Amino acid sequence: METQVLKQVFPSSSHKEVIELLEYAVQTIDKHNYILSPEKYHQMETGTNPEVLVNPYPFQYEILENKYAFLSLEGFIGVDSISSKNFSDSLQRSILYLYHQQPKGWIIDLRNNSGGWIYPMLAGLGPILGSGTKAFEMSGNQVLEEYYFYKDSTDYLLLADSIWFFEEQLPLAVLVSEKTGSAGELLTLSFRGNPNTTIIGTPTAGFSTGLKGFLMPDGTQICVTNGVMVDRNKKGDGGRIIPDIIEWDPLLMFEQAFKWIEKNTDSKLRKPAGINRKKPRRLTE
């Protein structure tokens, strides 16, 4: 590969042409690799990324059929602290609102989550995910990174005003598709193994690998695969995630989710709204 690329670099080659060749090379090695131009990297670092400015809160939520809490979460790509915190707080408030509507269960839709900055998404989903390590990045037997919202009283993500947890683990269905990739797949792995949780949909994109960035002298950032993402039980191979329930029809995915929630709802939660529903617990102010 090195020889093939170098043969196409000439003294007359422009900076843009060299970067394009380099991007071709790293993506040939691994499809998850990519390159950020100095301009794009600066936008992400300073909170001026046009995609974030246009859509700073890429999620939607509602109560379906008056009993299912639905949250659709696309990829969040803001990496600056202000955008990340605003996103996390807004997502948490939306989840708290849904919980106060007394739903029977959760439907978390990650079908259009192609990736982004994982930590604000983990923090925003924290009340549902709960405490403890949810996933890892591994290189062989070595743990490179642990992923969690709240590990203990001294170790948690500082991306939300408060740390909330739900005492009751309501039935939860995660929807995925072939568009669910990268950080979207890491979120899927973070849910896998949670109590009363299932994954429904199609096999994911197959980008469940960790990336490490390297800055070039000109400000270009090269992001290359650094490890494999695995769930809390250290199961995963960096490839596609196979759902617990495979379903290709979008409408039938929701039917499967409804059935799962109904089948796994605690009998006491079938009582009228407000009965036996514990309030969210705040661990920090």
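Colleague: Which residues do ring pairs link into a cluster with F59?

Modeller: The cluster joins F59 to Y61, F76, F87 and Y97. Two rings of Phe, Tyr or Trp (its six-membered ring) are a pair if their centres lie within 6.5 Å; planes under 30 degrees apart make the pair stacked, over 60 edge-to-face, and the rest tilted. By this rule there are 14 aromatic pairs.

Colleague: What makes the pair of W106 and F166 stacked?

Modeller: Their ring centres are 5.8 Å apart and their planes stand at 15°, so the pair is called stacked. This is a predicted model, in which local features need pLDDT of at least 70 and side-chain atom pairs pLDDT 80 or more, while totals for chains, interfaces and linings use all residues. Residues are numbered from 1 along each chain as its sequence is written, and side-chain values use heavy atoms, without hydrogens and water.

Colleague: Which parts does the pair of W106 and F166 tie together?

Modeller: W106 is in strand 4 (105–109) and F166 in the loop between strand 9 (164–165) and strand 10 (172–176), so the pair ties parts 60 residues apart in sequence. Helices (H or I, at least four residues) and strands (E, at least two) are DSSP runs numbered from the N terminus.

Colleague: Are W106 and F166 buried or exposed?

Modeller: Buried means under 20% relative accessible area, exposed over 50%, and partly exposed in between, with a 1.4 Å probe and protein chains only. W106 has 2% and F166 has 7%, so both count as buried.

Colleague: Why is strand 3 called largely enclosed?

Modeller: Six of the six residues of strand 3 (68–73) are buried, so the rest of the structure largely encloses this strand. Y68, F70 and S72 are buried on one side, and A69, L71 and L73 on the other.

Colleague: How does strand 3 pair with strand 2, and how with strand 4?

Modeller: Strands pair if DSSP finds at least two bridges between them. Strand 2 and strand 3 have six bridges and are antiparallel, with F59 opposite L73. Strand 3 and strand 4 have five bridges and run parallel, with A69 opposite W106.

Colleague: What makes strand 2 and strand 14 edge strands?

Modeller: The open sheet has six strands in the order 2-3-4-10-11-14 with mixed pairing. Strand 2 (59–64) and strand 14 each pair on one side only.
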